[in-house]
Amino acid sequence: MTTLRTLIWFVVAAVAMLGAVWLAERPGNVTAEWQGWRLDTSVGALLVTVVVLILVSIGGWLLYRSIVGAPGALLEGWGESRRRRGYRELTQGLAAVAAGDGAEAQKHARKAEQLLSEPALTLLLSAQAAQLTGDRDGAQRAFNAMLEDEQMAFLGLRGLIGQALRDGDQSKALALAERAFKLRPQTPWVVHSLFDMQAQTGHWREAQATLESGIRRKVVTQDKGRTLKALLEVERSREAEREGRMTDALTLAREAFGLAPERIAATQRLAELQIKTGDKKKAMRTIERGWAVAPHPDLVPLYLEASDESEALRRIGVVRKLADQNPDDIESHIALAQASLDAGLWGEARRQLEIAAGTNPPVRVCRLMAEVEERAQSDPAKVHDWLAKVADAPADRSWRCTACGAHHETWRPVCESCGAFGTLQWRAPGTYGHILPPEVQAAPALSAPAPAPAPPPPSAGA
């Protein structure tokens, strides 16, 4: 660029020199008369005079503009400096929020509000600073003020939802989440939060509409959406049965099982309804299909009920037919062992439990082995040995939330620890968290789940 400018100036100087030489070779005089005045001069002098007058005029105009525009320039410079200081305070405030220093964040937020005439930029900082210092009213005011700005309304709703969740106000949180969903139905946290809230409050149809919207917008994967829809239909089936609509209940249960036969709740629900409506053979086929992909001990009593077999020895054959659908799973061997134990066949019960035990028998197998040895009136030392192994045995499969790791004694659609829907799966964890017995009816927690230990790799899914 410097070379180009030098070249341009060189060309201009050369042209000027050529022009001067051209004029010198062609001398001439200029005479002008006006109002009795006479002017005699050379052509060169006249041209120089004209150029000088033009340059003086340009200089005068520039001086005039600088004098007239000085106040505006000063004000603009002062305003620009004010904005720069405001942005600096805003940046420092956000850094203080990230560091968890509420008092420092509030100080910078106040200065940023004074320097910047753009509330949209400072409201979020003010709200976060208020939250850090425990000023709930200040945070509420800031979040409500955000609702008045089209660009900030979504952030304001998110903040208000968080406050409503902390207050345990489920209806308010749900209403705010619905507003947020209308603004941005493609945002993942909105879809998942609204879906869980609707499921927690039993709004199954609304939850299904939210789920289908999430699937269409690819916020929810097809596979996860299929499973969640199946579990929603399980709950809608229960609701229909309570209302006396048995036909609808059975239809919904069939749809749920067709969508996700690997989910134990879907298998159990359809089989229960088929038994209630007297279609026991279909119930047995349903349980057999479910057992093939996801065995569970609760399915065994249903299968025996559907078989109408009451004689203990014959029940072994019934259970064997079920176990043959998934012969290598531990649940199949335990089911056969329990049926043999009930029929008094100690040897067969022991054999099935030995297969189930493998090299590291879980708690349930140890206890059943102790029961077999006790009822077979074997050496009391063997009973004691098996009971002693219980303390160090691996934990049994249980209903465990894949979102927060909480354990439940029975299956529930919503985890009572974190409030997530459809996250309970039958699997064998390495360690236990807290146990929630069936009789505990804790209020669903809509807020973010408490930190839980990292789950070990599952040994089986449901």
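Buried here means under 20% relative accessible area.

**Figure 1. Overview of the predicted protein chain.** By that cut-off, 40% of the 462 residues in the chain are buried. The chain holds 19 helices and six strands. Of the contacts between residues at least 6 apart in sequence, 55% join residues at least 24 apart.

**Figure 2. Helix α7, residues 170-183, and its packing partners.** The 14 residues of α7 should span 20 Å at 1.5 Å a residue, and the end C-alpha atoms are 20 Å apart, so the two values agree. Ala173, Leu174, Leu176, Ala177, Ala180 and Phe181 of α7 are buried. These residues cover an arc of only 165° around the axis and therefore lie on the same side of α7. Ser171 and Lys182, on the other side of α7, are exposed. An α-helix has 3.6 residues a turn, so residues three or four places apart point the same way. The buried residues of α7 pack against α6 (153-167), α8 (188-200) and α9 (204-216).

**Figure 3. Aromatic pair of phenylalanine 154 and tryptophan 189.** Four aromatic pairs are found in a search of the whole structure. In this one, the ring centres of phenylalanine 154 and tryptophan 189 are 5.7 Å apart and the planes stand at 50°, so the pair counts as tilted. The pair links distant parts of the chain, with phenylalanine 154 in helix α6 and tryptophan 189 in helix α8, 35 residues apart. Phenylalanine 154 has a relative accessible area of 8% and is therefore buried. The charged end of arginine 184 sits over the ring of phenylalanine 154, 4.6 Å from the ring centre.

**Figure 4. Lysine 389 over tryptophan 386.** Lysine 389 lies over the face of the tryptophan 386 ring, at 4.1 Å from the ring centre.

**Figure 5. The largest nonpolar core and the surroundings of phenylalanine 195.** This core has 49 residues. Ile161, Phe195, Met197, Leu211, Leu232, Cys415 and Phe421 are those with the most contacts inside the core. Leaving aside residues up to four places away in sequence, phenylalanine 195 touches Ala207, Thr210, Leu211, Leu228, Leu232 and Phe421. A second, separate core has 20 residues, among them Ala283, Val319, Leu322 and Leu336. In soluble globular proteins, nonpolar side chains tend to be buried together.

**Figure 6. Aromatic cluster of Phe195, Trp204 and Phe421.** Ring pairs link Phe195, Trp204 and Phe421 into this cluster. Phe195 and Phe421 are also among the residues with the most contacts inside the largest nonpolar core.

Notes:
Residues numbered from 1 in each chain as written. Predicted model: local features only at pLDDT ≥ 70, side-chain atom pairs only at ≥ 80, totals over all residues. Heavy atoms only, no water. Helix = DSSP H or I, 4+ residues; strand = E, 2+ residues; numbered from the N terminus. Expected span 1.5 Å × (residues − 1). Buried < 20%, exposed > 50% of the residue type's maximum accessible area, 1.4 Å probe, protein only. Arc of directions from axis to C-beta. Contact = heavy atoms within 4.5 Å. Phe/Tyr/Trp six-rings, centres within 6.5 Å; stacked < 30°, edge-to-face > 60°. Lys NZ or Arg CZ within 6 Å of the ring centre and 35° of its normal. Core = buried A, V, L, I, M, F, W, Y, C linked by side-chain atoms within 4.5 Å.
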